Structures are given as structure tokens and as C-alpha cells.
Amino acid sequence: MKKVLRVIAFVLTLYLISATFIKYGKMNFFTIEYPMRKVKIEYISQTGHDNDVLFLGDSRCMAAVAPTLLPVESYNLSVSGGSTVEGFWMLEGYLKNNRPPEEVYMVFTSNHYMTIDGFEVRTKPFDLFSDAQIQEVDQLLAQNEDAQERAARYFNTKLYELNVFTQYLPELRAAKLLGRRQANEQCMLEMASTKGQHFFGKQAQEDGAFGDAKFESFTPDPITDLYFEKIIALCEQNHIALTVVNTPINETTFQALKPAHVDGFQAYMHEKARLHPTLTVRDDILHLPNSCFGDLSHVNEAGMELYTQYISELLSGS
């Protein structure tokens, strides 16, 4: 019996040590996308920010909008893989601690109105939002799942909440436990100086077509639609002007876009604007030269300068 108790005590001790490391040591082993989110979570948790404009979006927005080049005080709250779900949480967190901005710009790819693909692979394991927020989305997802799928979802979420190391083995192995801390800390410093802007691909030109070109039609995801409505309501409650803007794409992608997808997306946005007069929707599909893109999704420095200039013109009303 004593031997069994010693084994149990050893296992529990090992779990507590590993779980504590997982919970508080993610900067040591996660990829660079973790500090890119962490720096913004810390930012919205602070008080005293005085921004006139905030940007909510995904990684394309993060690369394309440089607040330091804009004529107003602003911050880029975009998160890689983010949808309206994370966008709502970021705005809600910011408003709890700071005065409302005059304007919010939503800059998501059309894909991120059709899916919350970053929720399972980034938002859950990064553990930067509250358990209650994660559980709310889990419950919404579970509505369309059978009993076995719901049980698997519940179990998987609990493993993340308990910081069970098996959930993080690929990252731990790749980082050799502590190997990414220095790069992640540097990333946080750089993003603090750029007010949330970050480059991904940095090549001089991208001639391939982005994923946007594969979509045959547009069907909004019920959860992204719900959180879109939450963003609209939050902006209305705080007297914030909300504008939806398209992300930039290269010329190759623009030429390959399917008309049914473009028409469906624009019809969806126009209906939102009809229902909510405080919402402004920009139809412009900003297609830039292939030389403005550093990979198969994101602008390089030249593209960032052009897109930020476009945003600057919108802010000035020109």
C-alpha cells in the first residue's frame, strides 16, 4: 500500500511541476505567434491608453496596418488566426480599462467570417483568454456535434485547462523545452514599439494565388456572425464608429477570385450595414502588385506602406 501511495505522490508531484511550467512557461516553448498575442493581451489589460482608432483583425491586418505611420493615435489589436471571436474579446478587454476610441476598423479576410479555424490551434492552447470565454465558444460549437464529439471536446478543453503536458509535446520537443524564450521576448519588444504591427513573410514578391481564390461561394459561420453582432453592439453602446475594410491581396489572387464568393461576401456585409446604420462597409478590394507581398498571404514592407496609406486616407475622409 505504501508503495502505491509513493507512486501516486510521485505522479502528482510530477504533474504539478509540469503543469506549473506549462501554465507559466509558455514563452519558453511556444512559437512566435504566442508572444504576438501575449503582448496585446497585456496591452489591453493596462489602463491609460488614449487611442483614437483601434484595428481588429487577423494576421493580414497585423502585417498591413502600421499605427506608427498613421496621423492619429492608434493600435493594431489584430491576432494571427483571429476571427470576430477574438476580435470581440480584444475590444471588450480594452474597453474595460480604457476610454473608448472614436473609431474601430475591422480588417479580417473573408475566410475568417466563415470559420474560427484559429480557435482550436491557437486560442485554446495559448490560454490567454479566460476559461469562461473559451467555454462559451465550446458550448456554441457543441450545439452541432453528437454526444461523442461533445465528450471529446469537453475532455480536450479540460486537458488544456489543467495544463497537461501531453497537449504541448510537439512544441516542447521543437523548442527543446526552453529554446524559444529569447526570440519570443524580442518579438514582444519589437511589437510594443510598432504598436502591434508585425511582418510575416519578407520576400520581395509573391506571384502565387492566396487561399481566397479557392472559395466558390460565401457562407458566414454562425459563431463568427454572432460575435460580429457583439462587436457591433459593443461599438454602439460606446458610441464608436465601426468600419469594415477588406484585407489586401495580390494581383494574381484578385484575378482568380470567384464572382459568387465576392458577391456573397459583399451581400453579407451590405445586409449588416442595412441592419446597423452605425456600421460602415468599404467594398474596395485592394489588390496590390505581387511585389508588395512577402508570402502567400501577407504584405511585405512595400505593401504595408501602401495599405497603411490607404487607411490613412480613409481616416482623413479623402
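**Figure 1. Salt bridge between Asp 52 and Arg 99 in the predicted model.** In this predicted model, the side chains of Asp 52 and Arg 99 form a salt bridge, with an N to O distance of 3.0 Å. The two partners come from distant parts of the chain, 47 residues apart. Asp 52 belongs to the loop between α3 (33–45) and β1 (53–57), and Arg 99 to the loop between α5 (84–97) and β3 (103–107). Arg 99 has a relative accessible area of 31% and is partly exposed. Side chains of opposite charge can pair when their charged atoms come close. A search of the whole structure gives 21 salt bridges.

**Figure 2. Salt bridge between Glu 73 and Lys 195.** The side chains of Glu 73 and Lys 195 meet at 3.3 Å, N to O, in a salt bridge. Because Glu 73 lies in the loop between α4 (59–64) and β2 (74–76) and Lys 195 in the loop between α10 (181–194) and α11 (222–237), the pair ties together parts that are 122 residues apart in sequence. Both partners are partly exposed: Glu 73 has a relative accessibility of 43%, and Lys 195 has a relative accessible area of 24%.

**Figure 3. Salt bridge between Lys 230 and Glu 136.** A salt bridge joins the side chains of Lys 230 and Glu 136 at 2.9 Å, N to O. Here the pair links two helices, with Lys 230 in α11 and Glu 136 in α7 (residues 131–142), and the partners are 94 residues apart. Lys 230 is partly exposed at a relative accessible area of 25%. Glu 136 is likewise partly exposed, with a value of 31%.

**Figure 4. Network of salt bridges.** Which residues are linked in a network of salt bridges? The network consists of Glu 120, Lys 124, Asp 138, Glu 145 and Arg 153. Lys 124 is also one of the buried residues of helix α6 (residues 118–126).

**Figure 5. Packing of helix α3 against helix α10.** The axes of α3 and α10 are 9 Å apart, and the helices pack at an angle of about 50°. The two helices are therefore oblique to each other. The crossing of α3 past α10 is right-handed. On the α3 side, the contact is made by Pro 35, Met 36, Lys 38, Val 39, Lys 40 and Glu 42. On the α10 side, the contributing residues are Asn 184, Cys 187, Met 188, Met 191 and Ala 192. By class, this contact has seven nonpolar residues, one polar residue and three charged residues.

**Figure 6. Helix α6 and its surroundings.** Within helix α6 (residues 118–126), the buried residues are Gly 118, Phe 119, Thr 123, Lys 124, Pro 125 and Phe 126. What lies over these buried residues? The cover includes α2 (26–29), α3, α5, α7 and α8. Asp 127 follows α6 and has a positive phi, near 55°.

Figure 7. Most residues other than glycine have a negative phi. Asn 163, a residue other than glycine, has a positive phi near 55°. Asn 163 is located in the loop between α8 (147–161) and α9 (169–175). Is Asn 163 buried or exposed? Asn 163 is buried, with a relative accessible area of 5%. Leu 177, also a residue other than glycine, has a positive phi near 80°. The loop between α9 and α10 contains Leu 177. With a relative accessible area of 42%, Leu 177 is partly exposed.

Figure 8. Met 1 occurs in the segment before α1 (2–24). The relative accessibility of Met 1 is 76%, and this residue counts as exposed, because exposed means over 50%. Met 1 and Val 104 are separated by 103 residues in sequence and by 63 Å in space, C-alpha to C-alpha. Val 4 is placed in helix α1. At 46% relative accessibility, Val 4 is partly exposed. Val 4 and Phe 129 lie 125 residues apart in sequence, with a C-alpha to C-alpha distance of 38 Å in space.

Definitions and conventions
Residues are numbered from 1 along each chain as its sequence is written. This is a predicted model: local features need pLDDT of at least 70, side-chain atom pairs count only at pLDDT 80 or more; totals for chains, interfaces and linings use all residues. Side-chain values use heavy atoms; hydrogens and water are left out. A salt bridge is a side-chain nitrogen of Lys or Arg within 4 Å of a carboxyl oxygen of Asp or Glu. Helices (H or I, at least four residues) and strands (E, at least two) are DSSP runs, numbered from the N terminus. Buried means under 20% relative accessible area, exposed over 50%, partly exposed in between (1.4 Å probe, protein chains only). Axes are lines fitted to C-alpha atoms, for helices over the stretch in contact, and angles run from 0 to 180 degrees between N-to-C directions. Angles under 35 degrees count as roughly parallel, over 145 as roughly antiparallel, 65 to 115 as roughly perpendicular and the rest as oblique. A crossing is left-handed if the near helix is turned anticlockwise from the far one by less than a right angle, and right-handed if clockwise. Contact means heavy atoms within 4.5 Å. Ala, Val, Leu, Ile, Met, Phe, Trp, Tyr, Cys and Pro count as nonpolar, Asp, Glu, Lys and Arg as charged, and the others, Gly among them, as polar.
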